[in-house]
Amino acid sequence: MDNLRLWHKFLEIIKPQISADNYKGWFLKTSIKEASDDKIILSVPSAFVKETLYQRYLSLIENTFEQLTGKKLKVEFIIRQLPQKETPAEDLFQPVQTQVSVLNPRYTMENFVVGLTNNLAYAAAQAVVQNPGLSYNPLYIYGGTGVGKTHLMLAIGNAIFKKKPHSKINYCPSDKFLNDYVEAIQTHKMTDFRRKYRQADILLIDDIQFFSGREGTQEEFFHTFNELQGKNSQMVFTSDRPPQEIAKIEDRLKSRFAGGLMVDIQPPDFDTRVAILKAKCLERGESLPEDSVRLLASSFDSNIRELEGSLMQILQLLKLKNLPPTAENISINLGQQPQRPINADPKKILTEICGYFNLSAKDLTGPKRQKELVLPRHIAMFILAEDLKLTVERIGQLLGGRDHTTVMHGRDKIKKLIVTDREIQRVFTEVKGRLMQ
């Protein structure tokens, strides 16, 4: 059996055993380089793919080849050389002008704290820096509020700019793209708009989920995406959720987002929180004993942004009291930290919840009982009760005249789920984050 046929047989066997995204991301760009009686060498496009296949799929690969050949073969990986971007001939005869980076230089690959919850995203970012436009295009990073998505995106841009200072790097939050598009229509300057975004070597867009429901913007972005991909310009997007969970996004865009590599970042585990706290102390010239760092890490399991804020708050409190940052003093004063209240009235809370779930006020407060309306209503009940201390009767009035037993049920259900259900915890944290901004 020749190598090509053997590989096709291999893919037929493993395809039903793994998810479509993993099959496409890890195996479709892999092939057999060499095969002998005792060894198979697989050719992979990057160090990231090599490491992932070795760590996660080696047993599956070995067992499948044994099934096909009747032999227990040793599997090795080799990284193939990718073709570099061609340089137009005229560029060789023109002086290269160095661009000015618009990226915040604070965010680098070096100061991104890597742990179990973000190591795949970090490895993917490294692969993109090594071969922009060729390794993973687009790179789609998703996760909750404050877990480091924007840091990693900007770090990619800064690292590429450092290697290739002539690169045209365009970073924008999604609302900037939206506003630029609307302004271009109003001022009849669509040509300028398209030149700005379609001539980029690197396009970085934050919070892509806010394209939801914007049909004209999605149409323009679709063509921008196609043009950039056609000339191997690297694209990196962040979002608070995977493409398939974003409502009112065209299927053709979801397909393109999923056509590169999608990686998620989860809230930091204990060891990562310890590393983050140490890094933040170092940045600010602070010094904390090891037991104090571990106490803080165990006391706050929130996202990175809130973890850093909590560190600064407790250090400031101890300085005001002229106390050293010992574990004992931190433990005594933890309960005295001022909690960040939700500075919003009931109307704003309901509006933000509608915005997060892409609902209308009528959907949230109306009589319909579709499954997709239950969670936002229950979250609204819980926040109105716990944070604004409204009575169940008043909450029922705000939510379309629901009786107090319905409100109590919804409030108590969310209270349990945010402890036991990781996905509900993520959604709830992100909603609260919007209300605290």
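Where does Thr150 lie? In this predicted model, Thr150 belongs to helix H5.

1. The five-stranded sheet. Five strands make up an open sheet, and their order across it is E5-E6-E7-E4-E8. The pairing in this sheet is parallel. At the edges are strand E5, residues 169-173, and strand E8, residues 261-265, each of which pairs on one side only. On average, and with direction ignored, neighbouring strands of this sheet are turned by 15 degrees against each other.

2. Strands E5 and E6. E5 is joined to strand E6 (residues 202-206) by five bridges, and the two run parallel. Helix H6, made of residues 174-186, lies across both E5 and E6. The direction of H6 makes an angle of about 95 degrees with E5.

3. Is E6 enclosed or open to the outside? E6 is largely enclosed by the rest of the structure, because five of its five residues are buried. In a regular strand, side chains alternate between the two faces of the sheet. In E6, Ile202, Leu204 and Asp206 point one way, while Leu203 and Ile205 point the other way. The residues of both groups are buried.

4. From E6 to E7. Strand E7 covers residues 234-239 and is joined to E6 by four bridges, with the two strands running parallel. Within this pair, Leu204 has Val236 of E7 as its bridge partner. Between the two strands the chain passes through helix H8, residues 215-230.

5. Annotated positions. An unreviewed UniProt entry places the feature "binding site" at Gly146, Gly148, Lys149 and Thr150.

6. Gly146. This residue is found in the loop that links strand E4 (139-143) to helix H5 (149-163). Gly146 has a relative accessible area of 8%, so it counts as buried. Apart from neighbours within four places in sequence, Gly146 is in contact with Asn303, Ile304 and Arg305.

7. Not counting residues up to four places away in sequence, Thr150 touches Tyr171 and Asp206. Which residues does His151 contact, leaving aside its neighbours within four places in sequence? They are Tyr107, Thr108, Asn111 and Phe112.

8. Cysteines. How many disulfides does a search of the whole structure find? The search finds zero. A disulfide is a covalent bond between the sulfur atoms of two cysteines. Cys172 counts as buried because its relative accessibility is 1%. Cys281 is also buried, with a relative accessibility of 4%.

9. The three-stranded sheet. Three strands form another open sheet, in the order E1-E2-E3, and its pairing is mixed. Its edge strands are strand E1, residues 31-35, and strand E3, residues 74-79, each pairing on one side only. Neighbouring strands here are turned against each other by 30 degrees on average, direction ignored.

10. Strands E2 and E3, and helix H1. Six bridges connect strand E2 (residues 39-44) with E3, and these two strands run parallel. Ile41 has Glu76 as its bridge partner in E3. Helix H1, residues 3-14, packs on this sheet and touches E1 and E2. The direction of H1 makes about 130 degrees with that of E1.

How values were computed. Residues numbered from 1 in each chain as written. Predicted model: local features only at pLDDT ≥ 70, side-chain atom pairs only at ≥ 80, totals over all residues. Heavy atoms only, no water. Pairing = 2+ DSSP bridges. Axes fitted to C-alpha atoms, helices over the stretch in contact; angles between N-to-C directions. Contact = heavy atoms within 4.5 Å. Disulfide = S-S within 2.5 Å. Buried < 20%, exposed > 50% of the residue type's maximum accessible area, 1.4 Å probe, protein only. UniProt positions renumbered as here; feature names shortened; annotations may be inferred. Right-handed = clockwise from strand over helix to strand, strands pointing away.
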